[in-house]
Amino acid sequence: MRMVCQGNLKQLGIAFESYRDTHGHYPAGTAPGTSLPPDERLSFYATLLPFVEQDAVHRKLKPDEAWDSRANRTA
């Protein structure tokens, strides 16, 4: 189990670095460009999905809707 956790953390670190290389900065804590209050926005994990080979899930998310909206829960 420890090796699995280490592998997951390494993949997350690589995703952060890939995001930074692509965008020139690290991701914001929550989804930017929305009028939702911060506690209802998607987290930075959603912005990392394309960098962990989860682009199909990323495309289904609705960043202008709350993280727990019906559309985002089904994604």
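Start by selecting E65. Leaving aside neighbours within four places in sequence, E65 is in contact with L36, E40, A71 and N72; contact means heavy atoms within 4.5 Å. This is a predicted model, in which local features need pLDDT of at least 70 and side-chain atom pairs count only at pLDDT 80 or more, while totals for chains, interfaces and linings use all residues. Residues are numbered from 1 along each chain as its sequence is written, and side-chain values use heavy atoms, with hydrogens and water left out.

**Around E65**

Stay on E65. It sits in the loop between α3 and α4 (70-74). Helices here are DSSP runs of H or I with at least four residues, and strands are E runs of at least two, numbered from the N terminus. The cut-offs: buried is under 20% relative accessible area, exposed is over 50%, and partly exposed is in between, with a 1.4 Å probe and protein chains only.

**On to A71**

Select A71 in helix α4. Not counting residues up to four places away in sequence, A71 touches K62 and E65. With a relative accessible area of 24%, A71 is partly exposed. Draw a distance to Q11: C-alpha to C-alpha, A71 and Q11 are 27 Å apart in space and 60 residues apart in sequence.

**The whole chain**

Zoom out and switch to cartoon. The chain has four helices and zero strands. From the N terminus, the order is α-α-α-α. The C-alpha trace spans about 35 × 30 × 20 Å along its principal axes. Of the 75 residues in the chain, 21% are buried. Among contacts with a separation of 6 or more, 39% come from residues 24 or more positions apart.

The accessible surface is about 5,500 Å², and carbon and sulfur atoms hold 56% of it. Areas come from the Shrake-Rupley method with a 1.4 Å probe; for residues, only the protein chains shown count as cover.

**Helix α1**

Select α1. It has 22 residues and reaches 32 Å from its first C-alpha to its last, close to the 32 Å expected at 1.5 Å a residue. That expected span is 1.5 Å times one less than the number of residues. Next, pick G24, which follows α1 and has a positive phi, near 85°.

**The rings**

Show the aromatic side chains. How many aromatic pairs does the structure hold? There are four aromatic pairs. Rings of Phe, Tyr and Trp (its six-membered ring) pair if their centres lie within 6.5 Å; planes under 30 degrees apart count as stacked, over 60 as edge-to-face and the rest as tilted.

Select F16 and F44. Their ring centres are 5.5 Å apart and their planes are at 40°, so the pair is tilted. The pair links distant parts of the chain: F16 is in helix α1 (residues 2-23) and F44 in helix α2 (residues 44-48), 28 residues apart. F16 is partly exposed at 23% relative accessible area, and F44 is partly exposed at 21%.

Move to Y19 and F51. This pair is edge-to-face, because the planes are at 70°, with ring centres 5.7 Å apart. Y19 lies in helix α1 and F51 in the loop between α2 and α3 (55-60), 32 residues apart. Y19 is buried at 10% relative accessible area, whereas F51 is partly exposed at 24%.

Last stop: select F16, Y26, F44 and Y45, which ring pairs link into a cluster.
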